[in-house]
Amino acid sequence: MSKHFVPENLPTTIQHYIGGKFVDSIGGETFEVLDPVTNTTYATAAAGQKADIDAAVAAATTAFKKGPWPTMSPRARAKVLYKIADAVVAAEDRLAEMETFDTGLPITQARGQAQRAAENFRFFADLIVAQHDTALKVPGSQLNYVNRKPIGVAGLITPWNTPFMLESWKLAPSIASGCTVVLKPAEFTPLSASLWATIFEEAGLPEGVFNMVNGIGEEAGDALVKHPDVPLISFTGESSTGQLIFRNCAENLKGMSMELGGKSPAIVFADADFDAAIDSTLFGVFSLNGERCTAGSRIIVERPIYEKFVKAYAARAKNIKVGDPHDPETQVGALVHPEHYDKVMSYVEIGKTEARLVAGGGRPENLPEGQENGSYVAPTVFVDVAPDARIFQEEIFGPVVAITPFDTDEEALELANNTKYGLAAYVWTNDLKRAHNFAQDVEAGMVWLNSHNVRDLRSPFGGVKASGLGHEGGYRSIDFYTDQQAVHITLGDVHTPKFGA
């Protein structure tokens with residue numbers, strides 16, 4: 001590998017996209033974008049303010065009220081969505097290089113993102129064509145049917161972990177439903193989002209359906225959430241930000257869909273397939289640099305296998321290859337940004353005072369030449385972690401895991417449920433009855449039995465407690481972006497009391 005791989009033709013400026021045109025901020029505001037491997041500025045991005053959000057919402061509103069998109073037939077919209085999917089796949093190599101450069105994700109893990117993003121568009125294209133709605137008939141008396149219609153301008157606020165793919169999770173169903181959108185990508189990682197505009201244009205998406213405003217959450221994101229002409233906000237991000245957005249949506253009684261933080265448990269019983277559980281719980285924490293909301297970052301292990309598990313897990317964690325994200329051998333790359341690196345490292349130091357460290361605990365040794373200042377954290381494993389420890393309770397969002405033992409099924413459930421979060425849970429056991437009962441009792445929006453996070457796009461995605469509000473995925477996404485209007489027709493004589501006659 002060279003000292004540091006830089007994709008060809010990397011932009012030095014990143015603009016908004018409003019009403020079919022790339023534009024700077026109206027007031028000229030900008031912010032710097034860092035590359036996490038060297039932590040140096042590689043681009044200047046337009047920093048959206050209220051005026052820019054106003055312009056984007058105005059363009060989206062015009063496209064919704066006067067443009068063809070909301071009233072096109074599902075099949076006509078689906079044809080455009082399929083072209084979008086094909087364009088995403090065609091851009092896979094370029095996208096993966098840009099995503100890795102911008103986020104620090106290992107290139108092998110960035111490569112799958114284009115295929116998954118494309119599949120979101122194909123899936124929702126198929127769904128809107130197959131969509132049917134309820135019709136209810138009382139013979140000779142009444143007919144009721146549902147008239148489904150897009151709600152309007154959707155505000156989409158997306159995170160910096162796997163940004164392009166997670167943007168597709170919101171863009172595909174909102175656009176498929178006939179909404180127009182304003183996307184506010186995460187400020188740490190605006191690079192790949194800029195590809196959407198060209199992809200949509202070439203696929204024939206009408207002007208104004210897609211708009212994008214880059215910027216800081218407290219400025220651009222805040223203005224989007226508070227805008228009176230944006231009836232819907234779909235947000236993926238940190239729980240405290242979600243609480244703030246919830247409060248700000250109240251003023252205009254906006255629809256909200258929120259996928260928030262997680263501190264997901266992986267419960268390993270003594271009868272589990274030991275090797276499969278080790279493989280999966282390692283992948284579940286350390287893939288995507290540990291920057292994943294569904295990471296199984298609390299591993300709860302039955303005592304008869306606890307010491308064996310800890311020993312095997314620590315040995316494997318020490319062996320994980322950390323380094324240049326563009327090296328195909330790399331399994332953990334650089335964390336996204338110095339701010340986030342500092343947060344993760346502060347938890348590593350807290351963990352050293354709370355539990356026993358058996359792997360990692362600092363910066364890795366032997367970093368590639370020229371990357372010594374990169375945001376690298378060695379895969380870090382804490383064991384014998386007390387249930388009230390901060391590293392057991394609080395979301396770290398990095399390559400750091402807490403492992404603790406349990407003795408009974410009841411204790412395992414209590415430990416699994418004892419945080420404010422409830423996004424995912426992973427259960428490892430070969431006892432069928434226990435697996436189903438435990439899965440149904442655990443406080444989590446999604447549970448995987450004897451597997452890591454493998455998702456069917458038809459299934460609901462979302463969390464409980466502090467991990468989210470509402471569900472997306474399949475028809476639930478279509479439900480969020482559309483109004484379901486009940487239309488009633490009387491077929492017989494109407495017998496109305498004659499008030500005042």
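**Notebook: sheets, rings and cores**

I started at the strand pair β18 and β19, which run parallel and are joined by four bridges. Two strands count as paired if DSSP finds at least two bridges between them; helices (H or I, at least four residues) and strands (E, at least two) are DSSP runs, numbered from the N terminus. I keep in mind that this is a predicted model, where local features need pLDDT of at least 70, side-chain atom pairs count only at pLDDT 80 or more, and totals for chains, interfaces and linings use all residues. Residues are numbered from 1 along each chain as its sequence is written, and side-chain values use heavy atoms, with hydrogens and water left out.

Across from Val447 in β19 I find Ala425. Buried here means under 20% relative accessible area, exposed over 50%, partly exposed in between (1.4 Å probe, protein chains only).

Next I wrote down the whole sheet: it is open, has seven strands in the order β15-β16-β17-β14-β13-β18-β19, and its pairing is mixed. Which strands stand at the edges? They are β15 (356-359) and β19 (446-449); each has a single partner strand, so one side of each lacks a neighbour in the sheet. From one strand to the next, the twist averages 20°.

Further in, β13 (residues 265-268) and β14 (residues 298-302) run parallel, joined by four bridges. Ile267 has Ile300 of β14 opposite it.

I also checked what packs on this sheet. Helix α13 (residues 409-416) touches β13, β14 and β17, and its direction makes about 150° with that of β17. Helix α14 (residues 432-441) touches β13, β18 (424-428) and β19, and its direction makes about 165° with that of β19. Contact means heavy atoms within 4.5 Å; axes are lines fitted to C-alpha atoms, for helices over the stretch in contact, and angles run from 0 to 180 degrees between N-to-C directions.

How covered is β14? Five of its five residues are buried. Arg298, Ile300 and Glu302 are on one side, Ile299 and Val301 on the other. Arg298 turned up again in the ring search: its charged end sits over the ring of Phe392, 4.9 Å from the centre. Arg455 does likewise over the face of Trp169, at 4.9 Å from the ring centre. The rule for both is NZ of Lys or CZ of Arg within 6 Å of the ring centre and within 35 degrees of the ring normal.

**Ring pairs**

For ring pairs I used Phe, Tyr and Trp (its six-membered ring) with centres within 6.5 Å; planes under 30 degrees apart are stacked, over 60 edge-to-face, the rest tilted. I get 19 aromatic pairs that way. Trp160 and Phe397 have ring centres 5.4 Å apart and planes at 85°, so this pair is edge-to-face. It joins distant parts of the chain, 237 residues apart: Trp160 lies in the loop between β8 (153-157) and α5 (163-176), Phe397 in the loop between α12 (390-393) and β17 (400-406). Trp160 is buried at 17% relative accessibility, and Phe397 is buried at 14%.

Why is the pair of Phe274 and Phe309 edge-to-face? Their planes are at 85°, with the ring centres 6.0 Å apart. Phe274 belongs to helix α9 (residues 274-286) and Phe309 to helix α10 (residues 306-319), 35 residues apart. Phe274 is buried at 15%; Phe309 is buried at 0%.

I also noted a cluster linked by ring pairs: Tyr17, Phe22, Phe121, Phe164, Trp196, Phe200 and Phe210.

**Cores**

A nonpolar core is a set of buried Ala, Val, Leu, Ile, Met, Phe, Trp, Tyr and Cys residues joined through side-chain atoms within 4.5 Å. The largest one has 55 residues, and Ile84, Leu171, Trp196 and Phe210 have the most contacts inside it. Helix α4 (residues 107-130) gives the largest share, nine residues. Leaving out residues up to four places away in sequence, Ile84 touches Phe121, Trp196, Ile199, Phe200 and Ala203. A second, separate core has 47 residues, including Val268, Ala272, Phe309 and Phe397.

**The three-stranded sheet**

Last, I found an open sheet of three strands, order β6-β7-β21, with antiparallel pairing. β6 (135-138) and β21 (482-490) are the edge strands. Between β6 and β7 (residues 142-150) there are four bridges, and Leu136 has Asn144 as its bridge partner in β7.
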